[in-house]
Amino acid sequence: MRFHVSLISVSALASSTSNSNNKHELQEMRQTLDLQSQHFHRKPHEAMASIAAFCKNLRMEEFDVYGDFSKDGESSFLRKFEGQVATKFGKEDAVFMPSGVMAQNIALLIHSRNMRDGDKGICKMSFACHDSSHLLLWEENSYSELIGMNAVVIDTSSKASASGIGVPPIMLGDVESTLSTTTEPLSTFILELPHRELGGKLTPWADVLGIGELCKKRDIRYHCDGARIFEAAAGYGMALKDVAEPFDSIYISFYKGLGAISGAMLIGKKEFCDEARIWLRRFGGNLYTLLPYFMSSYMRFERYVLGVGESMSFDERLGKLRCLATRISEETKFSSIASFDPATPETNMIHVYLKLPFDDCIKKRDKIIESMGVSIFSRIKEIDDSEQSYRIGGYRAKFEWTIGEANGSISNDTFVRAWEMFCKESTNV
């Protein structure tokens, strides 16, 4: 399996056409529009300067120290930030953490230690989640290696469309079936909103509520992997506190949709967050100071969630992607070489599946960069022969497309023209 990542952004970059031997051309700086990148490219000194300016505007005079656990929102900007997030999500408290991996493992650990298996009195050491969960795919089995837990996996791939893509998100029926057959004592059920690996699909809201009621009946804690919960709220057309209401705990990320340099939060009841702070110390996560991370996150939260200053809302991002998906499908030869999954975006994210060989995708992309100064994608993945999307649908490559402020500032006509050229090159029209 191969991945291709090119350093193309809305900022000026050197031309990198693979067939050029002209030294002058390779060094030439020009403006290349990246239709895939949701965030504007920032150099490290620019990102740090913006954090410094934010601190100055807030008249911040002191660093946070070891999480400022003993302070409150009146004496600590970190605790003030946590309080604002908790309020926005309608929960009692929130705890800032350096990473989502740490946050979700701590949530699982707390729920497990507080849930006992009937008369046996032992901790419930299992949780359930979809087979596309970040915990299963990208964390090197941290749930098992670090905290000794087991995963009960729910696989919905058998319900894919006839083309091998279009795998649906978890539904209430999937959870009912799993809970009726598993012998594992479950402490937690994790629902990701939206399902990132499925193209940003959302579990229907009625099912979200139904799963919550089922968890209550089974004495199972309901946890939301909300790495992209801001996108999910726009997809549902709901306020964040309403999306958060059914869940016992929620993890959110500040660097994905919001574009901070790093940072996460666990949100829930006060007792849960008090315990999370203890485990944050045990995990080594309450660094001497978290200032660069939490202030970058605070700055982005203020702008994109609290609406301080002008920005492109998540509703607007979703609307633009839906418009683009419709126009590209109707005004180009897109359907002859590729498919969107889902066909209609449910959030401001979608997956693009291409039937062209991986290397051909790169070559045709580069040709459009050379002629238009526009890159359709900068990150793409080769589909392995064993994958369902190839075996059934014949797709050879795919990439994730998310609309944010950077590519959201590019005109719709530019997207359509670039895709029209890509499709013509691909079909020899």
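Author: Let us start with a loop. Asp 68 lies in the loop between H2 and H3. This is a predicted model.

Reader: Is Asp 68 buried or exposed, and how do you know?

Author: Its relative accessibility is 7%. Buried means under 20%, so Asp 68 counts as buried.

Reader: What makes the phi of Asp 68 worth noting?

Author: The angle is near 50°. That is a positive value in a residue other than glycine.

Reader: What about Tyr 66: where does it lie, and what is its phi?

Author: Tyr 66 is also in the loop between H2 and helix H3 (77-88). Its phi is positive, about 50°, although Tyr 66 is not a glycine.

Reader: Why is Tyr 66 called partly exposed?

Author: The relative accessible area of Tyr 66 is 41%. Buried needs under 20% and exposed needs over 50%. The value falls in between, so Tyr 66 is partly exposed.

Reader: On to rings. How many aromatic pairs does a search of the whole structure find?

Author: It finds 24 aromatic pairs. One of them joins Phe 54 and Tyr 298.

Reader: Why do Phe 54 and Tyr 298 count as a pair, and what is the geometry?

Author: Their centres are 5.7 Å apart, and the cut-off is 6.5 Å. The planes make an angle of 80°. Over 60 degrees counts as edge-to-face, so that is the label for Phe 54 and Tyr 298.

Reader: What makes this pair a link between parts of the chain?

Author: Phe 54 belongs to helix H2 (residues 44-57), and Tyr 298 to helix H12 (residues 291-304). The pair therefore ties together parts that are 244 residues apart in sequence. Phe 54 and Tyr 298 are buried.

Reader: How do you classify the pair of Phe 254 and Phe 301?

Author: Centre to centre, the distance is 6.4 Å, within the 6.5 Å limit. The angle between the planes is 85°, and over 60 means edge-to-face. Phe 301 sits in helix H12, and Phe 254 in the loop between strand S10 (249-253) and strand S11 (264-268). They are 47 residues apart, and both are buried.

Reader: How do you know that a charge sits over the ring of Tyr 304?

Author: The charged end of Arg 317 is 5.2 Å from the ring centre of Tyr 304. The distance limit is 6 Å, and the direction must be within 35 degrees of the ring normal. Arg 317 also lies over the face of Phe 314, at 4.1 Å from the ring centre.

Reader: Why is Leu 287 called partly exposed?

Author: Its relative accessible area is 33%.

Reader: What makes Asp 366 count as buried?

Author: Asp 366 has 14% relative accessibility, and the cut-off is under 20%. So Asp 366 counts as buried. It is found in helix H15 (residues 358-372).

Reader: Which side chain does the side chain of Asp 366 contact, and why is the contact called polar?

Author: The partner is the side chain of Arg 365, at 2.6 Å. The limit is 3.5 Å for a pair of N or O atoms, and neighbours in sequence count only if both atoms are side-chain atoms. Here the contact runs from side chain to side chain.

Terms used:
Residues are numbered from 1 along each chain as its sequence is written. This is a predicted model: local features need pLDDT of at least 70, side-chain atom pairs count only at pLDDT 80 or more; totals for chains, interfaces and linings use all residues. Side-chain values use heavy atoms; hydrogens and water are left out. Rings of Phe, Tyr and Trp (its six-membered ring) pair if their centres lie within 6.5 Å; planes under 30 degrees apart count as stacked, over 60 as edge-to-face and the rest as tilted. Helices (H or I, at least four residues) and strands (E, at least two) are DSSP runs, numbered from the N terminus. Buried means under 20% relative accessible area, exposed over 50%, partly exposed in between (1.4 Å probe, protein chains only). A polar contact is a pair of N or O atoms within 3.5 Å; within protein, one must be able to donate a hydrogen and the other to accept it, and residues adjacent in sequence count only if both atoms are side-chain atoms.
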